[in-house]
Amino acid sequence: MSSPRFLRFATFALCGLFVTANPPLQGEEPTVTDPVVIDPPTEAVINGALHYLAAQQQTNGSWTALGRRGDHPVAITGYVLLAFMAAGNLPEEGDYARQVNAGMQFLLDSLQPDGTYRGVNAGQYMYNHGIATIALAELYGQTRSAAIHTKLERAVKLIIGTQSDRGDAKGGWRYRPFPGDADISITVMQVVALRAAKNGGFDVPQQTIDDAIAYVRRCKSGAAGGFSYQAGHGEAGFARTAAAIYSLQVCGQYDDPLVQTGSDYLFEKNRAGGQWWTYGCNYATPAQYMIGGNTWKRWYSLMKETLLGTVKREGDQCYWDGDVGPVYCTAAHATILAMPWHYIPLYQR
């Protein structure tokens, strides 16, 4: 598989702010300046990971976790689609166009008239909803497919309508699809989905964004730069801090002092292989990428060293494993390694 060569998505709506990037002509290198370059060994691992993921696709177009925590086809399909997109694949473009098209169709077929996805455990619903909606919004933003628009709009409206309006939880989201309690792990999925939808031209009320920002800030815990799982109580942690500063950035708060102190906290608390490490890195990496410069270069170097040192190889396939299963881990890690290719508009500042 060849390296990505050009950007497709020219104008990004950043929660009310707009930035324009000029896509290079076909055959030119991307115009985005990045201190990180993907070297041949890393590219080989990314390609091996995509080969592994393609081989795991189910006959209905979905992917499942193959892990000890359940199958979660809606969420896992969202993660895998992002991994393919991060390496330049779309429903009608790239070596894995067929797999992307089938996965996209599975998510669209799963979306019901009320904006919910069929077959998702109610107790974990909004997590699945968030990542699937992110994937569809990114696909819509790069294809402008009319087939996606109507159903995606339903999913976006459900997120807006289920934001909490209660006490310390106001502005956040929790696992079930109605206003109530909130936590940072579910909130991050919804604000990223809203950002991706806004990038694609969908209407997202500014009040929804403002309330989400306020909730994330209330999750700040202590003086060390970390964030807690819920506003007002709980200890700070790596994954929850990654989710928090990524949330602030996708809502346009790039210069918030909490982003820099949170970034420092992530470097200090990064422990490869620990509980929720892959989950946390899935947020920490785009957060550090958006900070850019030496921060991003240093973070990517840490990720590359760890991921290339722990990858498992079987023939021309590469994968990683963990509690959530090899498909999730492989999709998340391949997306991280492919980020310097700049193919996903959501990760652009």
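A salt bridge is taken here as a side-chain nitrogen of Lys or Arg within 4 Å of a carboxyl oxygen of Asp or Glu. The structure is a predicted model, in which local features need pLDDT of at least 70 and side-chain atom pairs count only at pLDDT 80 or more, while totals for chains, interfaces and linings use all residues. Residues are numbered from 1 along each chain as its sequence is written, and side-chain values use heavy atoms, with hydrogens and water left out.

The protein chain has twelve helices and six strands, these elements being DSSP runs numbered from the N terminus (helices H or I, at least four residues; strands E, at least two). Of its 349 residues, 59% count as buried, where buried means under 20% relative accessible area, exposed means over 50% and partly exposed lies in between, with a 1.4 Å probe and protein chains only. The chain exposes about 13,700 Å², of which carbon and sulfur atoms supply 48%; accessible areas come from the Shrake-Rupley method with a 1.4 Å probe, and for residues only the protein chains shown count as cover. When contact is defined as heavy atoms within 4.5 Å, 69% of the contacts between residues at least 6 apart in sequence join residues at least 24 apart.

Under the salt-bridge rule, the count comes to five. Side chains of opposite charge can pair when their charged atoms come close. In one of these salt bridges, the side chains of D39 and K304 meet at 2.9 Å, N to O. D39 lies in the loop between β2 (17-20) and α1 (40-55), whereas K304 belongs to helix α11 (residues 293-310), so the pair ties together parts that are 265 residues apart in sequence. D39 is partly exposed at 23% relative accessibility, and K304 is likewise classed as partly exposed at 24%.

R174 takes part in a salt bridge with D181, at 3.0 Å from N to O, and in another with D183, for which the closest N and O atoms are 2.5 Å apart. Through these shared partners, R174, D181 and D183 are joined into one network. With regard to accessibility, R174 counts as partly exposed at 24% and D181 as partly exposed at 40%, whereas D183 is buried, with a relative accessible area of 0%.

Within helix α2 (residues 73-86) is found T77, which counts as buried at 0% relative accessibility. A polar atom of the T77 side chain lies 2.6 Å from the backbone oxygen of P73. When its neighbours within four places in sequence are left aside, T77 is in contact with G61, S62, W63, G103, F106 and L107.

Strands β3 (residues 227-230) and β4 (residues 233-237) pair in the antiparallel sense over three bridges, pairing being assigned if DSSP finds at least two bridges between two strands. The two strands form a hairpin with two residues between them, and G232 in the turn has a positive phi of about 90°. Across this pairing, S228 has A236 in β4 as its bridge partner.

How values were computed:
A polar contact is a pair of N or O atoms within 3.5 Å; within protein, one must be able to donate a hydrogen and the other to accept it, and residues adjacent in sequence count only if both atoms are side-chain atoms.
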